Amino acid sequence: MKKSSEPPSIPDFSGRWVLDRTELLEEYMKQSLGTDHVKHKFPKDMTVVNEITQIGNNFRVKIMTRGGVSETCFEVGEAWQEQDSTGDTCTVTSKWMNNKLVTVAEGRKTVTVTRELRGEFMITTMKCKNATSRCIFSRDTKSK
């Protein structure tokens, strides 16, 4: 039996996703990290890759940037602890809202990340305080 928060058919986020473009990322980073952490503009050719493995409600999300690699494993509906980008510990929960995966990290600040699929794109919307940013990822079909 499916949990009540699970949509009738779960979208499959599995795959390798390459950042195509961002919207309002710098303002979001200022709100989520603080102005002391954002001292320069992000390069236009910034490379970000998400590798997602999904089996039902179980996820492994590996995010690769020039600055390093982070990996998180979680089950939708279960809470877990992790360090945020400033090093603070936060409590993270995730749930399905329609066909979107919504993850909320609560610590010193609250950050909400919503992932949704639109064709061959994964739209990741991030919110912190009054700032909202979108990252649009293309599915990497060459890596299969």
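These questions and answers walk through a predicted model of one protein chain.

In this predicted model, local features need pLDDT of at least 70 and side-chain atom pairs count only at pLDDT 80 or more, while totals for chains, interfaces and linings use all residues. Residues are numbered from 1 along each chain as its sequence is written, and side-chain values use heavy atoms, leaving out hydrogens and water.

Q: What pattern does the protein chain follow along the sequence?
A: Helices (H or I, at least four residues) and strands (E, at least two) are DSSP runs, numbered from the N terminus. The chain has 1 helix and 10 strands. Read in order, the pattern is β-α-β-β-β-β-β-β-β-β-β.

Q: What percentage of the 144 residues counts as buried?
A: Accessible areas come from the Shrake-Rupley method with a 1.4 Å probe, and for residues only the protein chains shown count as cover. Buried means under 20% relative accessible area, exposed over 50%, and partly exposed in between (1.4 Å probe, protein chains only). Of the 144 residues, the buried share is 36%.

Q: Which residues touch the most other members of the largest nonpolar core?
A: A nonpolar core is a set of buried Ala, Val, Leu, Ile, Met, Phe, Trp, Tyr and Cys residues joined through side-chain atoms within 4.5 Å. In soluble globular proteins, nonpolar side chains tend to be buried together. The largest core here has 22 residues, and those touching the most other members are F13, I52, F59, F74, L101 and F137. Strands that each supply at least two residues of this core include β1 (15–23), β2 (48–55) and β10 (131–139).

Q: Which residues does F74 touch, not counting those up to four places away in sequence?
A: Contact means heavy atoms within 4.5 Å. F74 is also one of the core residues that touch the most other members. With sequence neighbours up to four places away set aside, its partners are N57, N58, F59, V61, W80, S94 and L101.

Q: Where is N98, a residue with a positive phi that is not a glycine?
A: Most residues other than glycine have a negative phi. N98 has a positive phi of about 60°. N98 is exposed, with a relative accessible area of 67%. Its place is the loop between β6 and β7.

Q: How many disulfides are there?
A: A disulfide is a covalent bond between the sulfur atoms of two cysteines. The rule here asks for a pair of cysteine sulfur atoms within 2.5 Å. C73 is exposed at 52% relative accessibility, whereas C128 is buried at 0%. By this rule the count is 0.
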